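Grab a viewer and work through these two exercises. Each one has a task and then a solution in steps.

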Amino acid sequence: NAAQFFHAPAYRLLMDYVEVVAIADPDVTNREMVKKILPNRVREYGSYREMMKSEILDMVDVMLPHHLYVKVIPEISKSCKNILAEKPFAKTLKEAKVILKATSKINFSVVHNYLYGYRYRQAIHTIKSGEIGKPFLVRLENLNTGMNSIDPNNPSSWRTNKNVAGTGTFHDHGYHLVYLARALMGSEVVAVSSLMGSYYEKGTTLDTASVVLRHKNGGMSILLDGRLSNQNTEDVEEILGTKGTLRLTLDTTKLEKFKLD
């Protein structure tokens, strides 16, 4: 899914600088969809092991369900010195240590994919300009079903399976909200409190996390994240300052100024 929505389109935009020469996926439908997005013809493989044996690659971009990284990345690191991985690269601290040890002598990077988006860059610029005054509250709410595939027959049900996805929605997606809150507030986090829970009824997963961050500048961020099967709510992204409120939408930002009495 990450390949279809983010990585392949990005490589298409970067075609003057990067050449994708091979892709590996056991699902032929996935390979076909990615091939249609990429600007050039690529060699395709049914397994990453087959690809690594047949290709000499400058970099490998790894996009997998979380539980597979601990097995795949150490193997790839033996023959490729540059690895890019989708977040989160492990589902436990123990697995993370195994991967970090295996990649200690190569260039290993984990993707951020929101911070440099247009609306966030625009929001940070507005905040730094002083238009909303001193920010004191960042509110970020993301409650939805999670990422779906371009192929409607390929659901992302693994994301709600704790045995493969790790420790719930905040581990999978909520990390985005943390670094966004830090950037929008412009201040490091000094304290954290949270409530998390998973609720099931008739096969429906309602995995939710409510997190409050206290920042070094005295401000706070309220984060609400969830993977909710078969239902969606409206996302909320807003920054409150002493002179106004900045509300973010999908395409832009809306500044609402006010004067204190």
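**Exercise 1: strand 10**

Strand 10, residues 236–241, is mostly covered, with six of its six residues buried. This is a predicted model, where local features need pLDDT of at least 70, side-chain atom pairs count only at pLDDT 80 or more, and totals for chains, interfaces and linings use all residues. Residues are numbered from 1 along each chain as its sequence is written, and side-chain values use heavy atoms, leaving out hydrogens and water.

Task: work out which way the residues of strand 10 point and which strands pair with strand 10.

Step 1. Val 236, Glu 238 and Leu 240 point one way, Glu 237, Ile 239 and Gly 241 the other, and all are buried (under 20% relative accessible area; exposed is over 50%, partly exposed in between, with a 1.4 Å probe and protein chains only).

Step 2. Strand 6 (residues 135–144) runs antiparallel to strand 10, joined by six bridges; Pro 135 sits opposite Gly 241. Strands are DSSP E runs of at least two residues, helices H or I runs of at least four, numbered from the N terminus; two strands pair if DSSP finds at least two bridges between them.

Step 3. Strand 11 (residues 244–248) also pairs antiparallel with strand 10, over three bridges. Leu 240 has Thr 245 as its bridge partner there, and a two-residue hairpin links strand 10 to strand 11.

**Exercise 2: rings**

Task: classify the ring pair Phe 89 and Phe 108.

Step 1. The whole structure holds three aromatic pairs (Phe, Tyr or Trp rings, the six-membered one for Trp, with centres within 6.5 Å; planes under 30 degrees apart are stacked, over 60 edge-to-face, the rest tilted). In one of them, Phe 5 and Phe 6 have centres 6.4 Å apart and planes at 50 degrees, so that pair is tilted.

Step 2. For Phe 89 and Phe 108, the centres are 5.6 Å apart and the planes at 85 degrees, so this pair is edge-to-face.
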